[in-house]
Amino acid sequence: MKLLLAVVVLALTLNEGPNIDATLPPLLLASLLSQQRQALLHPGIPFLHPIPPLLQQVHSLLHPASPLLQQVQPLLHPVSPLLQQVQPLLYQEQTHLLNCQTDQSVQFRKALYEFSLNLYNALSDHENDHFVTSPFSIWMSLAALAEGAESEAQVQLFKVLGLPQQNCLRQKFYTIAMSLEIPGTDVSFIRNRGIIFDEGVHVKKQWRNFVKTSKLLEYVSAPIKDKPRLAEIMLQKAIGSKMLMPLQGNSVLIDSLTYRGVWTNSFDAEHVAMEPFYNDSGEQIGIVPMMRIRLRTRIAEIPLFKAKIVELPVGNDGRYTMLIGMGMEHNGAMRKLANLQHGAIISEVIKLLHLSPGPIEIAIPKITMSTDYNARVVLEQLGIRDIWTDPAATKHVSRPAALPGGLVQHVIISLTPEGITPPPPDNAVVGLLGNIVNEVGDDNFIANKPFMYVLIESRTHNVLFAGSYSDPNRA
Ligand SMILES: *[C@@H]1O[C@H](CO)[C@@H](O)[C@H](O)[C@H]1NC(C)=O
């Protein structure tokens, strides 16, 4: 009965159509009202939520001649002492429900963006500005652990991940997260994200159900304690990397991403030539195969930081976008660019982009980049400390507590000349929409010195991976 009521209440909250008499069986409504009245009369009886919107809707939608109106009216009478008693409660519940109905896309983007940027900046120091990472999937893995975390560790995780306190809002974040990567023949994100428990660990049912439903993280078992060498080989295979695995805990978080995407507009594949590549002081430090395209696209210059950014649409209709940024002079502007974006939302950077008056010359190295690392150290720098060492922190995840030894990530991306076939019609400008046409002084973008790149989902502007290229002598 309660379940049925919940369904009806939900249908009512969602359904804005006027024909309520037809959707709500009168008997059910009568029974609901009488239960409600009981609850109002006898404070001991549990209250059925959400009553205020329900009653008000029923009241406003009932036919004036409906006999049910008489039942509803006394409950809504403003001077009813009963109503006054329960008002604060009603108000609280209503606020809660209204809050749960608000769109969370901006909040989600902000949370993911700040986490990504903090991780990116921390990683830059460790990897000498030459790496690629997907903070997005680390965010999802840690969110899954946060759901099974104990109070203090949970506070730490929620803070660093930008997750709201309210459960219903977090669920919205997860739904958005799971909607960002839509595989196709044009773009694919092959991810392997999981937590590997030692075979002696029992995964708790509630958390198991959560990860199964949310799909934030997969879980499997391996003989971490009994046969560490075998477990290590299993994990290396799972993420396609030979790196050493942090097997000191009861579990390990693993994560891999293989990105393949074709551009919306193909580079000139016939004329990829070896060209010099410079470091931030302007010294030649190697050569790279450089691929070129002439394209009318959006470009931004940030004079204060002597940096510029170009937008390259990816996939069919530019459903993803790669933003590439570099300094205009040899002055280490790339770092400054990262700092500029610090605290700013990527959409604000995107607002600076303006369509070039005509085609501009764009050159970027044809590269495959891969980075293997254990994110634990940088995550600790960001404030995530308890989950690795405090058994209380992950006790709702498993018995004994999960205590992951680390979080290893392997990301591999390729930037190649290929575009979608057939190519889009000439002059079709795709990708991020809504910018005004504006004059741009400079007419080319030649990435022959350190540059950074970010792949975003074009519709929502969420960051899926980011990297920095500075050394042609490294893989
Ligand atoms: C650039 O390369 C030169 C020669 O290898 C080196 O002396 C210089 O320190 C490098 N500058 C930067 C910013 O890495």
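Helix axes here are lines fitted to C-alpha atoms over the stretch in contact, and angles run from 0 to 180 degrees between N-to-C directions. Helices (H or I, at least four residues) and strands (E, at least two) are DSSP runs, numbered from the N terminus. The model is predicted: local features need pLDDT of at least 70, side-chain atom pairs count only at pLDDT 80 or more, and totals for chains, interfaces and linings use all residues. Residue numbers start from 1 along each chain, following the sequence as written.

**A helix pair**

Let's start with helix 7 (residues 105-127) and helix 8 (residues 135-147), which pack at an angle of about 115° with their axes 9 Å apart. On the helix 7 side, the contact is made by Leu112, Phe115, Ser116, Leu119 and Tyr120, and on the helix 8 side by Pro135, Phe136, Ile138 and Trp139; contact means C-beta atoms, placed from the backbone, within 7 Å. Sorted by class, these residues are eight nonpolar, one polar and no charged. For the classes, Ala, Val, Leu, Ile, Met, Phe, Trp, Tyr, Cys and Pro count as nonpolar, Asp, Glu, Lys and Arg as charged, and the others, Gly among them, as polar.

Next up is an open sheet with the strand order 4-2-5-15-13 and mixed pairing. Strand 4 (218-222) and strand 13 (367-374) sit at its edges with a single partner strand each, so one side of each has no neighbour in the sheet. From one strand to the next, the twist averages 15°. Pairing needs at least two DSSP bridges between two strands. Strand 2 (residues 187-198) runs antiparallel to strand 5 (residues 251-261) over 11 bridges, but parallel to strand 4 over five bridges.

Some residue partners in this sheet:

| Residue | Partner | Partner's strand |
|---|---|---|
| Arg193 | Asp255 | strand 5 |
| Ser188 | Arg260 | strand 5 |

Strand 12 (residues 360-365) pairs with strand 16 in the parallel sense over three bridges, and Glu361 stands opposite Asn444 of strand 16.

**Around the ligand**

The ligand has Asn279, Asp280, Ser281, Glu283 and Ile285 around it, with the cut-off being a C-beta atom, placed from the backbone, within 6 Å. By class, that shell holds one nonpolar, two polar and two charged residues.

Most residues other than glycine have a negative phi, and most peptide bonds are trans. Here are a few exceptions worth a look. The bond from Arg399 to Pro400 is cis, with omega near -10°, and Pro400 lies in the loop between strand 14 (398-399) and strand 15 (404-415). Also cis is the bond from Thr421 to Pro422, with omega near -10°; Pro422 is found in the loop between strand 15 and strand 16. Asp317 has a positive phi, near 55°, and lies in the loop between strand 9 (307-314) and strand 10 (320-327).

Conventions
Contact = placed C-beta atoms within 7 Å.
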